[in-house]
Structures are given as structure tokens and as C-alpha cells.
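Me: I'm new to this one. Can you walk me through the structure?
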Amino acid sequence: MPSVVKINVLTVPAEQREVLERRFASRAGAVEGSDGFEWFELLRPVEGTDQYLVYTRWRSEEDFQNWMNGSMKAAHQDGGEGGERPKPAASGSTLWSFEVVQQASPK
């Protein structure tokens with residue numbers, strides 16, 4: 001069964017970039033222990049767009065859904081100190097889904 005890739009496309013205004021990256025850095029390790037998790041990358045736009053890409057690869061769709069409905073949901077509902085959720089750094093979000101049909105690594 002092929003791995004699945006989820007790419008969350010986040011529209012991030014320039015003044016929110018540091019906030020977004022800091023929030024991801026502070027969550028380091030939050031997804032790595034999830035069953036079926038294979039890879040994560042946060043991709044910063046270089047030119048021509050204000051969209052960050054959050055790339056994750058999973059063993060199966062089921063593993064991704066289990067993470068979405070479990071630890072990811074809990075992390076995003078946590079208000080942090082004071083109990084209030086911080087304002088989102090992204091002004092929009094779209095989730096793309098793919099199956100891995102070919103891959104290569106260095107020889």
C-alpha cells in the first residue's frame with residue numbers, strides 16, 4: 001500500500017511569517033511519535049507567493065485520520081496560558097492529498 005502525502009497550504013501575510021514559524025518550532029516533536037507518521041517539512045515561500053506548505057507523509061490514510069482526530073485536534077484546541085487561543089497566523093488553509101506512486105532516494 002502506498003504512503004499518503006498531505007500538504008496543508010497556508011496563506012500567511014508577511015507580518016505573520018515569524019509567528020507561524022515560531023509556533024511550528026514550539027510544537028517540534030508533536031507529530032513524530034504518531035503511529036504511521038513518516039515525514040514532516042515546513043516549506044517557506046521564497047518568491048511570488050505568500051503560501052507556506054506543511055508537508056507530511058503517512059503510512060496510510062487511516063493513520064493520518066487517527067492523528068487528525070487525536071493528538072492534532074487536542075493540540076489545536078489547547079488555549080495555552082490564560083486559556084485563550086492565539087489568533088491564527090495564517091489567513092487561509094487548504095489541504096491537498098496525494099498517494100506516493102514513485103519515489104527515489106540518493107544512491
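Reply: β1 and strand β3 (residues 51–58) pair in the antiparallel sense over eight bridges. Two strands pair if DSSP finds at least two bridges between them. Helices (H or I, at least four residues) and strands (E, at least two) are DSSP runs, numbered from the N terminus.

Me: What kind of model is it, and how are residues numbered?
Reply: This is a predicted model: local features need pLDDT of at least 70, side-chain atom pairs count only at pLDDT 80 or more, and totals for chains, interfaces and linings use all residues. Residues are numbered from 1 along each chain as its sequence is written, and side-chain values use heavy atoms, with hydrogens and water left out.

Me: Back to strands. What stands opposite valine 9?
Reply: Leucine 53 in β3. Leucine 43 also stands opposite leucine 53.

Me: How do β2 and β3 pair?
Reply: In the antiparallel sense, over six bridges. Tryptophan 39 has arginine 57 in β3 as its bridge partner.

Me: What is the strand order in the open sheet?
Reply: The four strands run β2-β3-β1-β4, with antiparallel pairing. β2 and β4 (92–99) are the edge strands, each pairing on one side only. From one strand to the next, the twist averages 15°.

Me: Which strands does α1 touch?
Reply: α1 packs on the sheet and touches β1, β2 and β3. Its direction makes about 20° with that of β3. Contact means heavy atoms within 4.5 Å. Axes are lines fitted to C-alpha atoms, for helices over the stretch in contact, and angles run from 0 to 180 degrees between N-to-C directions.

Me: New topic. How many aromatic pairs are there?
Reply: A search of the whole structure finds five. In one, the rings of phenylalanine 24 and phenylalanine 40 have centres 6.1 Å apart and planes at 20°, so the pair is stacked. Rings of Phe, Tyr and Trp (its six-membered ring) pair if their centres lie within 6.5 Å; planes under 30 degrees apart count as stacked, over 60 as edge-to-face and the rest as tilted.

Me: Where do phenylalanine 24 and phenylalanine 40 lie?
Reply: Phenylalanine 24 is in helix α1 (residues 17–26) and phenylalanine 40 in strand β2 (residues 37–43), so the pair ties together parts that are 16 residues apart in sequence.

Me: Which residues form the aromatic cluster?
Reply: Phe37, Trp58, Phe64 and Trp67.

Me: And where is glutamine 16?
Reply: In the loop between β1 (4–11) and α1. Glutamine 16 counts as buried, at 19% relative accessibility. Not counting residues up to four places away in sequence, glutamine 16 touches Pro88 and Ala89.

Me: Last one. What does glutamate 61 touch?
Reply: Val4 and Lys6, leaving aside neighbours within four places in sequence. Glutamate 61 is found in helix α2 (residues 61–77). Its relative accessible area is 34%, so glutamate 61 is partly exposed. Proline 2 is 59 residues from glutamate 61 in sequence and 9.8 Å from it in space, C-alpha to C-alpha.

Note on methods:
Buried < 20%, exposed > 50% of the residue type's maximum accessible area, 1.4 Å probe, protein only.
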